[in-house]
Amino acid sequence: MVLLVATTLGGAPARAMVADGSVIADMSLEQLSDVIVTSVSRQEERLDSTAASVFVISAGDIRRSGAQSLPEALRLAPNLQVAQVDARNWAVTARGFNSPFENKLLVLIDGRSIYTPLFSGVFWDAQDVVMEDVERIEVISGPGATIWGANAVNGVINVITRASADTRGGQLSAIGGDRDKNGSLRYGGALPDGGTYRVYGKYQKLNDTFTAAGVNTNFGMQRTQAGFRADWGLREGALSVSGDGYQGELGQFAALPVHISGANLIGRLTRKLSPDANMRLQVILDHTERNQPGAFVERLSTLDLDAQHDVRLGERNVLTWGGGYRHSWDRVANSPGLGFLPGDLDLHWANLFAQDEYAVTPELKLTAGAKVEHNHYTGAEYLPSLRLAWTPAPGQLVWSSLARTVRAPSRFDRDLHAPSAPLTVAGGRRVYLYGGGPAFESEVAKVLELGYRARPLPTLSWSATAFYSRYDRLRTLEPQTGPAAPALFLFENLARGRTRGIEMWGSWQAAPVWRLNAGLVAQRVRINPLPGSHDMSATNPSLTTNDPGSHWLLRSSLDLTDSSALDLTLRHMGALPRPAVPSYYELDGQWLWQAHPAMDVALIGRNLLHRAHLEYGAAPGRSLIERSVQLKLTLRF
């Protein structure tokens, strides 16, 4: 359900300081509820009238938390489960099925999908932005397939960066500590033709983590990135062009380092066609390379085209429709132990969608939508949704939704072979040990949600969402005994699942200078094999998912003076069942001091309650996540 907003979990209290160093009066909760979000329907709508479970992490939340990476910032969203696996790997999900190879959550940066078609998930160690340039992060828990397509099964994360007009001048940021060292330099200004621009460079180094036995996991990393953005205001619209390039060296246990690199370019044009109609066109070019010794070398190039048209049809109807085409050229050089066959493969996706919002009465709105998306492996998939929103009184919203979504097969499901050449077994038969299932189908989810949000007092607002999801055709690893089987174990769709739970969060302005925010998720995730299944997934840690029964957090944001603030976040993660990880409590904090209008000093602490704790993984090789302290200096010029 819709949250209260950016600060609902990381709130900006009464005299919050903004990125340019000025001190501004904090927005009231009523003003926060008017924040505009775009990721639910791909058009602008007020947060407090959006019929979805969406939480907004604001730029102020990120700044006050001291988050230095996207996964750290995502810890601020109460509707996400975020676990640090080691120095550079993370497991992030909504509503269950968590794993470092999580494949049911769509993640975008400025509308650019960052998922890999290798396993339908995200390599978090290859994703970075200048955190001070993030305007907001919209986190939707629940299905978003009608708008965003397959793989938006359990949620959508959209990282939205600031327009270049909002980042003029220079900024230098440097941070040092016992676990993390990074810095960034950004400069922005005006273009001769009336546009604006910014350019940036960034460097990050993360130290290795260790196991409980003191063994170095070698999962540290160092990474550099640079990029730009330019914006032009047109007579009846706007044009934006942005791009990034990066390279890095990532450590891995008992193997040579992983080398990554990539570049992307995004062009976006918005146009107002009439007082009642708008158009949006977007083109994305993206190239990534990942050389992972002992596994594979992948070179992936992607072209993504997207068009959208919004039009008001009378006083009650707003129609949003459009389509897109995505083509990827995936080139994989296989290792002896692991292969994607064929190594070279062209992948394509095409979609058409339409969504209509109809005001039955001024207080009751019905939204119906559908998308048809064609993918390389299973052809056309149908992704309908229905939403109902009722405003019984000012400051209240009751909503419900019903949706069908899918997780389309990835190369992992269809094309994986281990080893990359078949083995000879008894009788001279040539088979692979593991193989992608040639008949592997899309996993399907049908989701029912019921939400309520209220602002009973000017100083208090809260939100709650109950959800029930039924999953069919979930992936299993099945032993093969027939003489014609190409592998001893194949991926099949022989499991079903159920999840149910509740998400709650709220914000209380306890005093003009003090805001408290809290969030809780209680859930039950159950996966059951179908009759005839002999699923062996549990024997492979990369195939298992691991979810707690509950997780919660409590955040305090206090302005100590007009120039300093103290933020503390207490978080609790319930025990993980398989592999077993004990429950834990941890405390993160930041003291932020605006020493000068052009200079900030911050002291940041992570995991302050314990010297080290476990968050994810199987013994004995899993990493301990250690306490860390960092000092950050930010200069504006």
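The largest cavity has a volume of about 630 Å³, in a predicted model where local features need pLDDT of at least 70, side-chain atom pairs count only at pLDDT 80 or more, and totals for chains, interfaces and linings use all residues. Residues are numbered from 1 along each chain as its sequence is written, and side-chain values use heavy atoms, without hydrogens and water. A cavity is a set of points on a 1 Å grid over the protein atoms alone where a 1.4 Å probe fits but cannot get out, and its lining residues have an atom within 4 Å of a point. Points are joined across faces, edges and corners, the volume being the space filled by probe spheres set on them.

Of the 40 residues lining the largest cavity, Ser 69, Glu 72, Gln 84, Trp 90 and Arg 606 are the closest to its centre. Elements giving two or more residues to this lining include α2 (59-65), α3 (70-74), β12 (196-206) and β39 (628-636); helices (H or I, at least four residues) and strands (E, at least two) are DSSP runs numbered from the N terminus. The lining has 11 nonpolar, 14 polar and 15 charged residues, where Ala, Val, Leu, Ile, Met, Phe, Trp, Tyr, Cys and Pro count as nonpolar, Asp, Glu, Lys and Arg as charged, and the others, Gly among them, as polar. The structure holds eight cavities of 30 Å³ or more.

Strand β39 also supplies at least two residues of a nonpolar surface patch, as does β11 (180-190). Leu 285, in strand β16 (residues 277-292), is one of the patch residues. At 44% relative accessibility, Leu 285 is partly exposed (buried is under 20% relative accessible area, exposed over 50%, and partly exposed in between, with a 1.4 Å probe and protein chains only). Ile 527, in strand β30 (residues 514-529), is likewise partly exposed, at 38%. Its C-alpha atom is separated by 8.5 Å from that of Leu 474, 53 residues apart along the chain.

Several loops contain backbone features. The peptide bond from Leu 341 to Pro 342 is cis, with omega near 5°; Pro 342 lies between β19 (339-340) and β20 (344-361). Another cis bond joins Ala 418 and Pro 419, with omega about -10°, in the case of Pro 419 in the loop between β24 (416-418) and β25 (423-424).

Phe 97, not a glycine, has a positive phi of about 65°. Phe 97 occupies the loop between β5 (90-93) and β6 (105-109) and is buried, with a relative accessible area of 5%.

Methods:
On a 1 Å grid over the protein atoms alone, a cavity is a set of points where a 1.4 Å probe fits but cannot get out, and a pocket is an open set with protein on both sides within 12 Å along at least five of seven lines; lining residues have an atom within 4 Å of a point. Patches are made of residues with over 30% relative accessible area and no salt bridge: like charges are joined within 9 Å, nonpolar side chains (Val, Leu, Ile, Met, Phe, Trp, Tyr) within 5 Å. Accessible areas come from the Shrake-Rupley method with a 1.4 Å probe; for residues, only the protein chains shown count as cover. A salt bridge is a side-chain nitrogen of Lys or Arg within 4 Å of a carboxyl oxygen of Asp or Glu.
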